[in-house]
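This briefing is meant to be read beside the sequence and the 3D view shown below.

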Amino acid sequence: MKIIGTGCSHPQKIVTNQMLSQMVDTNDEWIVTRTGIKERRVVSSETLEDMAIDAARKALGNAGISAKDLDFIICSNVVNEYVTPALSCIIQGAIGATCPCVDLNGACVGFLYGIDMAEAYYRSGRVKNVLVVSAEEPSRMLSWEDRTVCVLFGDGAGAAVLSEGDNILATRLTASSSTFSLYQKHELQPSPFNTKPNSNLPLVMCGQEVFKFAANASISDVRYLLDKTGYQPDAVDKYLLHQANVRIIEMVREILKQPKEKFPLNIQKYGNTSSASLPILLDELNREGRLKEGELIVLSAFGAGFVSGSCIMRW
């Protein structure tokens, strides 16, 4: 398969570090130094479904195909207002597609899980055009009184249209169960037969443990792909890493001994948008003309689970 179109969508509300400093005990210097984030976009009057649909339509427009041409829709999402129907079904109806669709929850690695899933469908000869959408609103998962978490995240949606090709050279997905390092629990409807206490907890994160896993997983995944395909780190034109923390990205860059220009960033504008992070960055680079045909690109992400994923492709 290959990527033939990209799109993204953001909430209108911009929340700066200065604004957060009036809500919790923090400041711009502390946030920027530790994360690289200066501001983030947060859902206010719009809905996540609207952003997902907008990103999907932009990706279809960029690809130059109609929604009727789609054979499958894969939507990566952790949480939204709908328990059912699936967000992918909502997107399907809004854009006028008629194909089957499915949601997946791969945390921040969801876009790469979707890419890998689609690749399997291509290899089996069952599809020609696939839409992968990642739509996330972590701002609805966390406590805005917890300064260790609320400064990190933003909302957004990104999408990519895939078609037949041989541009995906290798992928890798991993999972290593660590349930209580990064999690959120939400309250379910009461049942007269349920004797367990109901939990309703905002996002909880063990920062140091998550940081350590993220850096190690990203390095391990990237090296695995390079070894598998026979490329040296210098041969890669761009490394697109999950935009969670600039210090993680810098650590990976230094270990691989690569220049900063190979590691594009937008974390300063959007924060961690979970699985939407990679397709948003991909769309920005694509529309700015910063991705050249034939370039070797590595995508890498990590998230709650713990899960990680990576992909090496030709653009």
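Helices, as the word is used here, are DSSP runs of H or I with at least four residues, numbered from the N terminus. In this predicted model, D54 and K58 both belong to one such run, helix α3 (residues 48-63), where they sit four residues apart, about one turn of the helix.

**Salt bridges**

- The structure contains 11 salt bridges, and D54 and K58 make one of them, with their closest N and O atoms 3.2 Å apart.
- An α-helix has 3.6 residues a turn, so residues three or four places apart point the same way.
- E81 counts as partly exposed, with a relative accessibility of 49%.
- E288 is bridged to R290, the closest N and O atoms lying 3.0 Å apart; E288 is partly exposed at 47% relative accessible area, and R290 is partly exposed at 37%.
- Through salt bridges that share partners, E81, E137 and R140 are joined into one network.

**Helix α8**

- In helix α8 (residues 246-256), the buried residues are V246, I248, I249, V252, R253 and L256.
- Seen down the axis of α8, these buried residues fall within an arc of 160°, so they line one face of the helix.
- The elements against which the buried residues of α8 pack are α2 (28-35), α7 (207-229), β11 (238-241), α9 (267-270) and β12 (296-303).
- At the start of α8, the backbone nitrogen of R247 has a side-chain oxygen of N245 within 2.7 Å, and after the helix comes K257, which has a positive phi, near 60°.

**Cysteines**

- The structure holds zero disulfides, and for C89 the closest cysteine sulfur, in C101, is 3.7 Å away, which is too far for a bond, because a disulfide is assigned to cysteine sulfur atoms within 2.5 Å.
- C89 is partly exposed, with a relative accessible area of 35%.
- C311 is likewise in no disulfide, the nearest cysteine sulfur being that of C108, 17 Å away, and C311 counts as buried at 1% relative accessibility.

**Aromatic pairs**

- The count of aromatic pairs comes to four, and one of them is F180 with Y183, whose ring centres are 5.4 Å apart and whose planes stand at 85°, so the pair is edge-to-face.
- F180 counts as exposed, at 54% relative accessibility.
- The rings of Y239 and F263 have centres 4.8 Å apart and planes at 10°, so this pair is stacked.
- Y239 belongs to strand β11 and F263 to the loop between α8 and α9, so the pair ties together parts of the chain that are 24 residues apart in sequence.
- Y239 and F263 are both buried, and strand β11, which holds Y239, is among the elements that the buried residues of α8 pack against.

How values were computed:
Residues are numbered from 1 along each chain as its sequence is written. This is a predicted model: local features need pLDDT of at least 70, side-chain atom pairs count only at pLDDT 80 or more; totals for chains, interfaces and linings use all residues. Side-chain values use heavy atoms; hydrogens and water are left out. Buried means under 20% relative accessible area, exposed over 50%, partly exposed in between (1.4 Å probe, protein chains only). Helices (H or I, at least four residues) and strands (E, at least two) are DSSP runs, numbered from the N terminus. The arc is that of the directions from the helix axis to the C-beta atoms. Contact means heavy atoms within 4.5 Å. A polar contact is a pair of N or O atoms within 3.5 Å; within protein, one must be able to donate a hydrogen and the other to accept it, and residues adjacent in sequence count only if both atoms are side-chain atoms. A salt bridge is a side-chain nitrogen of Lys or Arg within 4 Å of a carboxyl oxygen of Asp or Glu. Rings of Phe, Tyr and Trp (its six-membered ring) pair if their centres lie within 6.5 Å; planes under 30 degrees apart count as stacked, over 60 as edge-to-face and the rest as tilted.
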